[in-house]
Amino acid sequence: MKRLLGPDALDKNLAALLLRILVGGLMIMHGWPKLANYDQYVAEFNPIGLGNDLSLSLAIFGEFICGIFLVLGFMTRLSTIPVLITMIVAFFVVHAADPFQIKELSFLYMGLAIVIFFLGAGKYSADALLFKKKSLE
(Lines give C-alpha, C1' and ligand atoms only; values in the text may rest on other atoms or scores of the structure.)
Protein backbone atom coordinates (compact mmCIF):
# COMPACT_ATOMS: atom_id res chain seq x y z
CA MET A 1 0.00 0.00 0.00
CA LYS A 2 2.89 2.34 0.81
CA ARG A 3 4.32 1.79 -2.68
CA LEU A 4 0.95 2.49 -4.29
CA LEU A 5 0.34 5.72 -2.35
CA GLY A 6 3.96 6.85 -2.11
CA PRO A 7 5.52 9.62 -4.16
CA ASP A 8 7.69 7.34 -6.32
CA ALA A 9 6.43 6.11 -9.67
CA LEU A 10 5.35 2.49 -9.88
CA ASP A 11 7.06 1.93 -13.21
CA LYS A 12 8.39 4.94 -15.09
CA ASN A 13 9.14 2.84 -18.15
CA LEU A 14 5.59 1.55 -18.37
CA ALA A 15 4.29 5.10 -17.86
CA ALA A 16 6.53 6.35 -20.68
CA LEU A 17 5.26 3.56 -22.96
CA LEU A 18 1.61 4.28 -22.22
CA LEU A 19 2.08 8.03 -22.66
CA ARG A 20 3.92 7.56 -25.96
CA ILE A 21 1.22 5.20 -27.29
CA LEU A 22 -1.56 7.56 -26.22
CA VAL A 23 -0.06 10.76 -27.61
CA GLY A 24 1.46 9.13 -30.68
CA GLY A 25 -1.75 7.29 -31.49
CA LEU A 26 -3.81 10.45 -31.22
CA MET A 27 -1.32 12.36 -33.35
CA ILE A 28 -1.58 9.64 -36.01
CA MET A 29 -5.36 9.98 -35.93
CA HIS A 30 -5.05 13.75 -36.52
CA GLY A 31 -2.44 13.40 -39.26
CA TRP A 32 -3.99 10.54 -41.23
CA PRO A 33 -6.95 12.55 -42.64
CA LYS A 34 -4.53 15.24 -43.83
CA LEU A 35 -2.40 12.61 -45.57
CA ALA A 36 -5.32 10.62 -46.99
CA ASN A 37 -7.12 13.74 -48.24
CA TYR A 38 -4.08 15.80 -49.15
CA ASP A 39 -5.66 17.34 -52.25
CA GLN A 40 -8.67 18.58 -50.28
CA TYR A 41 -6.58 20.09 -47.46
CA VAL A 42 -3.79 21.67 -49.50
CA ALA A 43 -5.92 24.35 -51.16
CA GLU A 44 -6.57 26.16 -47.87
CA PHE A 45 -3.66 25.07 -45.66
CA ASN A 46 -1.10 27.82 -45.11
CA PRO A 47 -1.22 28.91 -41.46
CA ILE A 48 2.25 30.47 -41.25
CA GLY A 49 2.86 31.61 -44.81
CA LEU A 50 5.30 28.92 -45.94
CA GLY A 51 3.10 27.88 -48.83
CA ASN A 52 0.27 25.39 -48.92
CA ASP A 53 2.25 22.28 -49.88
CA LEU A 54 5.08 22.86 -47.41
CA SER A 55 2.77 23.83 -44.56
CA LEU A 56 0.58 20.77 -45.02
CA SER A 57 3.59 18.49 -45.46
CA LEU A 58 5.10 19.79 -42.22
CA ALA A 59 1.81 19.25 -40.38
CA ILE A 60 1.58 15.69 -41.72
CA PHE A 61 5.18 15.04 -40.69
CA GLY A 62 4.59 16.49 -37.22
CA GLU A 63 1.37 14.58 -36.62
CA PHE A 64 1.46 11.37 -38.65
CA ILE A 65 5.14 10.47 -39.11
CA CYS A 66 6.30 11.69 -35.70
CA GLY A 67 3.19 10.09 -34.16
CA ILE A 68 4.37 6.73 -35.51
CA PHE A 69 7.85 7.42 -34.16
CA LEU A 70 6.40 8.20 -30.72
CA VAL A 71 4.39 4.98 -30.63
CA LEU A 72 7.51 3.01 -31.54
CA GLY A 73 9.72 5.01 -29.21
CA PHE A 74 12.04 5.77 -32.14
CA MET A 75 14.12 8.95 -31.84
CA THR A 76 11.61 9.95 -29.19
CA ARG A 77 13.03 13.24 -28.00
CA LEU A 78 13.66 14.46 -31.55
CA SER A 79 10.18 13.27 -32.60
CA THR A 80 8.51 15.38 -29.94
CA ILE A 81 9.94 18.59 -31.39
CA PRO A 82 7.87 18.59 -34.63
CA VAL A 83 4.81 17.55 -32.61
CA LEU A 84 5.41 20.47 -30.25
CA ILE A 85 5.95 22.94 -33.11
CA THR A 86 2.80 21.74 -34.90
CA MET A 87 0.75 22.16 -31.72
CA ILE A 88 2.24 25.61 -31.06
CA VAL A 89 1.12 26.68 -34.54
CA ALA A 90 -2.30 25.12 -33.97
CA PHE A 91 -2.72 26.87 -30.62
CA PHE A 92 -1.24 30.30 -31.34
CA VAL A 93 -1.99 30.70 -35.06
CA VAL A 94 -4.72 28.41 -36.39
CA HIS A 95 -6.96 28.69 -33.32
CA ALA A 96 -5.70 32.07 -32.06
CA ALA A 97 -9.12 33.73 -32.20
CA ASP A 98 -11.01 30.69 -30.89
CA PRO A 99 -12.14 30.32 -27.27
CA PHE A 100 -9.90 28.20 -25.06
CA GLN A 101 -12.32 25.25 -25.21
CA ILE A 102 -11.61 24.96 -28.95
CA LYS A 103 -7.83 25.24 -28.69
CA GLU A 104 -7.58 23.29 -25.45
CA LEU A 105 -6.64 20.07 -27.25
CA SER A 106 -3.60 21.59 -28.95
CA PHE A 107 -2.57 23.07 -25.59
CA LEU A 108 -2.83 19.62 -24.00
CA TYR A 109 -0.73 18.06 -26.77
CA MET A 110 1.90 20.78 -26.30
CA GLY A 111 2.16 19.92 -22.62
CA LEU A 112 2.29 16.18 -23.24
CA ALA A 113 5.01 16.60 -25.87
CA ILE A 114 7.09 18.51 -23.32
CA VAL A 115 6.54 15.76 -20.73
CA ILE A 116 7.60 13.06 -23.21
CA PHE A 117 10.66 15.11 -24.16
CA PHE A 118 11.84 15.22 -20.52
CA LEU A 119 10.70 11.68 -19.64
CA GLY A 120 12.30 10.03 -22.65
CA ALA A 121 11.29 6.82 -24.36
CA GLY A 122 11.86 4.41 -21.48
CA LYS A 123 13.15 0.87 -21.77
CA TYR A 124 10.15 -0.38 -23.79
CA SER A 125 11.13 1.44 -26.96
CA ALA A 126 13.12 1.31 -30.16
CA ASP A 127 15.45 3.88 -28.61
CA ALA A 128 16.31 1.46 -25.81
CA LEU A 129 17.21 -1.20 -28.36
CA LEU A 130 19.21 1.16 -30.57
CA PHE A 131 21.11 3.01 -27.86
CA LYS A 132 21.65 0.35 -25.20
CA LYS A 133 25.10 0.28 -23.74
CA LYS A 134 27.38 -2.39 -25.06
CA SER A 135 28.54 -4.67 -22.28
CA LEU A 136 32.23 -4.49 -21.53
CA GLU A 137 33.87 -7.86 -22.12
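How many residues does helix 2 have, and how far does helix 2 reach from its first C-alpha to its last? In this predicted model, helix 2 has 25 residues and reaches 35 Å between those two atoms, which is close to the 36 Å expected at 1.5 Å a residue.

## The chain as a whole

The secondary structure of the protein chain comes to 7 helices and 0 strands, so that, read along the sequence, the pattern is α-α-α-α-α-α-α. Of the 137 residues in the protein chain, 32% are buried. Among the contacts with a separation of 6 or more, 63% are made by residues 24 or more positions apart.

## Helix 2

Along its course, helix 2 bends by about 25 degrees at His30, and a proline, Pro33, follows within four residues. The buried residues of helix 2 are Ala16, Leu17, Leu19, Arg20, Val23, Gly24, Met27, Gly31 and Lys34, and what covers them includes helix 3, helix 4, helix 5 and helix 6.

Helix 4, which runs over residues 52–72, has 21 residues and reaches 29 Å from its first C-alpha to its last, close to the 30 Å expected at 1.5 Å a residue. Helix 4 bends by about 35 degrees at Cys66, and Cys66 is also one of the buried residues of this helix, a list that includes Ser55, Leu56, Ala59, Ile60, Gly62, Glu63, Phe64, Gly67 and Leu70 as well. These buried residues pack against helix 2 (12–36), helix 3 (38–42), helix 5 (76–94) and helix 6 (100–119).

Just after helix 4, Gly73 takes a positive phi of about 75 degrees. Met75, found in the loop between helix 4 and helix 5, has a positive phi of about 50 degrees although it is not a glycine. Met75 counts as partly exposed because its relative accessibility is 34%, a value that lies between the 20% and 50% cut-offs.

## Helix 6 and its partners

Helix 6 has 20 residues and reaches 27 Å from its first C-alpha to its last, close to the 28 Å expected at 1.5 Å a residue. In helix 6, the residues Lys103, Ser106, Tyr109, Met110, Leu112, Ala113 and Ile116 are buried, and what covers them includes helix 2, helix 4 and helix 5. Just after helix 6, Gly120 takes a positive phi of about 85 degrees.

Where does helix 6 bend? The bend, of about 25 degrees, is at Ser106, which is buried because its relative accessible area is 5%, and buried means under 20%. Leaving aside its neighbours within four places in sequence, Ser106 is in contact with Met87, Ala90 and Phe91.

Ile85, which is found in helix 5, counts as partly exposed because its relative accessibility is 48%. Ile85 and Met110 are 25 residues apart in sequence and 8.2 Å apart in space, C-alpha to C-alpha.

## The nonpolar cores

The largest nonpolar core has 13 residues, of which Leu19, Val23, Met27, Leu70, Val83, Met87 and Ile116 touch the most other members. The elements that give two or more residues to this core are helix 2, helix 4, helix 5 and helix 6, and helix 6 gives the most, with 5 residues.

Val83 shows how residues from separate parts of the sequence meet: leaving aside its neighbours within four places in sequence, Val83 is in contact with Met27, Gly62, Cys66, Leu70 and Ala113. A second, separate core has 6 residues, including Val42, Leu56, Ile60 and Phe64.

## The largest pocket

About 520 Å³ of space lies in the largest pocket. The pocket is lined by 27 residues, and those lying nearest its centre are Ala59, Glu63, Thr86, Met87 and Ala90. Helix 2, helix 4, helix 5 and helix 6 each supply at least two residues of this lining, and the largest share, 7 residues, comes from helix 5.

Notes. Residues numbered from 1 in each chain as written. Predicted model: local features only at pLDDT ≥ 70, side-chain atom pairs only at ≥ 80, totals over all residues. Heavy atoms only, no water. Expected span 1.5 Å × (residues − 1). Bend = angle between axes of the 7 residues up to and from the residue. Buried < 20%, exposed > 50% of the residue type's maximum accessible area, 1.4 Å probe, protein only. Contact = heavy atoms within 4.5 Å. Core = buried A, V, L, I, M, F, W, Y, C linked by side-chain atoms within 4.5 Å. 1 Å grid on protein atoms, 1.4 Å probe; cavity = no way out; pocket = protein on both sides within 12 Å on 5 of 7 lines; lining within 4 Å. Points joined across faces, edges and corners; volume = space filled by probe spheres on them.
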